[in-house]
Amino acid sequence: MLSFGAPSTTITASTAVTSRVSPTTYSHLPFTVSPLSDSQRSSNFCFQQLLSCSSRLNCYRNKATAEAAETMAGSIASASGSKQALISLSDKKDLDLLATGLQELGYTIVSTGGTASALEKAGISVRKVEELTNFPEMLDGRVKTLHPNVHGGILARRDQNHHMEALDKHNISTFELVVVNLYPFYEKVTSTNGVTFDDGIENIDIGGPTMIRAAAKNHKDVLVVVDTQDYPLVLQFLKANKDDQQFRRKLAWKAFQHVASYDSAVSEWLWKQTEEDKFPPTFTVPLSLKSSLRYGENPHQKAAFYTDSSLSEFNGGGIATAIQHHGKEMSYNNYLDADAAWNCVCEFEKPTCVVVKHTNPCGVASRDDLIEAYRLAVKADPVSAFGGIVAFNKEVDESLARDIREFRSPTDGETRMFYEIVVAPSYSQKGLEILRGKSKTLRILEAKKNKTGKLSLRQVGGGWLAQDSDDLTPEEIKFDVVSKKVPEASELSDAKFAWLCVKHVKSNAIVIAKDNCMLGMGSGQPNRLESLRIALRKAGDEVKGAALASDAFFPFAWKDAVEEACESGIGVIAEPGGSIRDGDAIDCCNKYDVSLVFTGVRHFRH
């Protein structure tokens with residue numbers, strides 16, 4: 001069973017996974033091939049604020065903190081002293097805020113090890129868990145809370161008489177609140193200093209997840225908290241003394257997500273320590289909600305954007321982790337287009353500009369001068385470039401930014417070019433300032449290059465496809481000359497450039513290029529001949545002596561794509577080979593004195 005599980009849900013970029021677990025963002029959604037669990041966003045009480053954007057949360061959180069503080073001093077004297085809160089934290093952020101509020105509300109705080117010490121240092125009364133269990137912490141801290149006096153008090157149902165009678169018989173008191181976050185396993189195993197296997201194992205939390213799951217299961221009677229961002233909301237909830245089961249269910253849902261995220265990181269790490277196979281029998285992908293989108297591909301489709309919090313994606317780069325410096329919020333299609341542009345431009349070592357429209361590169365150029373590369377990339381198809389995405393693999397400085405802002409369309413020399421997005425690895429301070437002045441809506445992204453060797457996932461109805469990412473470079477393959485004519489060094493260089501471009505064009509794909517510049521491309525046609533004709537039309541007279549790359553072999557040559565390419569004046573053709581009619585392609589190129597090279601590598605893109 002291929003499963004995509006989920007991490008703990010948090011509200012801001014500094015969330016619960018900072019608690020003892022892993023990366024943190026806004027919320028997490030489990031994708032599974034077995035029944036999918038859908039997180040609801042509607043809520044009672046104050047959960048709309050909890051799941052809204054971080055700015056709204058911070059505002060609400062400050063309000064909740066202020067209201068809680070106002071009432072703590074006076075209105076809680078009547079609270080019963082029998083209420084108990086169990087607190088065990090790795091991330092002790094705002095612990096004093098929570099504990100002070102709980103004591104003012106009449107709670108007795110029971111705590112473990114380092115958390116108890118931190119509370120005592122803050123001058124807060126605390127009962128150590130050993131006093132409750134009458135048993136010392138043992139096995140280097142592996143066993144602290146795994147005891148009936150703890151879990152009985154968490155799991156007992158208050159509406160079941162025999163449960164309460166059992167607690168009375170064994171002198172076990174109940175817990176009304178459990179606040180736990182987990183050992184920092186994710187941070188440990190992704191540390192730049194590395195981690196030994198034994199150290200990784202010792203950072204797998206046992207008691208914490210057990211308490212979280214127990215409290216979440218019995219959420220009707222026990223409030224469970226795993227996110228420091230929720231402390232003010234929880235205090236406000238307790239102060240109101242309302243029986244809001246929806247609020248409790250939301251926190252329980254969040255708790256199970258928190259544990260699921262933690263377990264997914266442990267599972268992923270252990271598999272890598274055990275097997276070389278890239279495709280485990282089952283695995284979980286933790287997804288963190290980065291933003292809710294206005295709509296999907298079309299206005300009638302609801303949508304959201306999630307980041308991948310897998311260990312394999314740690315410092316992995318890509319559009320998902322890009323910094324947006326300016327412009328409107330990103331849309332569903334913006335993410336797809338920006339990803340396509342960024343993946344393409346990162347293929348090139350020389351200063352390069354890529355222009356993308358509807359995920360297809362319509363202009364690509366490499367030059368020592370990035371301004372020249374930009375202008376040539378736009379020139380390849382200025383009509384498509386208008387309203388497109390422009391990507392650079394080098395820093396955007398003041399001069400380039402000014403050219404982007406002022407450059408006129410090559411079609412009429414008057415219309416100022418308009419773009420949805422500019423993406424680059426960095427910007428100079430002045431360059432960023434100039435670009436911001438181009439348009440209020442222009443999205444300016446700063447991204448890191450994608451790591452190679454990633455696993456590529458794609459959804460189909462009822463399942464997912466997994467494959468290695470297509471990371472091959474021209475240096476890793478052999479361009480075998482199969483024609484009588486041997487391409488000159490410049491022609492072979494053009495063929496390699498076209499080959500790099502065509503791997504990013506939707507199949508059936510043809511790219512025509514010369515002097516490190518795309519002249520024309522044909523994409524997405526059901527037959528290769530039509531893609532060729534589109535590319536030739538865009539290249540125009542510049543096709544003479546240019547290189548042509550095809551993402552797959554030519555099934556026919558005579559009176560088909562190969563012969564039309566030769567008749568147009570193409571100088572060299574690069575294709576994978578492998579057709580039963582490869583001989584026809586070779587004979588055709590020999591007839592027209594055109595060089596033909598086989599790469600042995602296909603680049604289908606669907």
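User: How many cavities of 30 Å³ or more does this model have by the rule, and how do I read one?

Analyst: The count comes to two cavities of 30 Å³ or more. On a 1 Å grid over the protein atoms alone, a cavity is a set of points where a 1.4 Å probe fits but cannot get out, and lining residues have an atom within 4 Å of a point. Points join across faces, edges and corners, and the volume is the space filled by probe spheres set on them. Keep in mind that this is a predicted model, where local features need pLDDT of at least 70, side-chain atom pairs count only at pLDDT 80 or more, and totals for chains, interfaces and linings use all residues. Numbering runs from 1 along each chain as its sequence is written, and side-chain values use heavy atoms, without hydrogens and water.

User: Which residues line the second largest cavity?

Analyst: Leu293, Arg294, Tyr295, Glu329, Met330, Ser331 and Tyr332 do, around about 30 Å³ of space.

User: Which of its residues are buried?

Analyst: Buried means under 20% relative accessible area (1.4 Å probe, protein chains only). In helix 19, the buried residues are Arg528, Leu529, Ser531, Leu532, Ile534, Ala535, Leu536 and Ala539. Just after the helix, Gly540 has a positive phi of about 65°.

Definitions and conventions
On a 1 Å grid over the protein atoms alone, a cavity is a set of points where a 1.4 Å probe fits but cannot get out, and a pocket is an open set with protein on both sides within 12 Å along at least five of seven lines; lining residues have an atom within 4 Å of a point. Buried means under 20% relative accessible area, exposed over 50%, partly exposed in between (1.4 Å probe, protein chains only). Helices (H or I, at least four residues) and strands (E, at least two) are DSSP runs, numbered from the N terminus.
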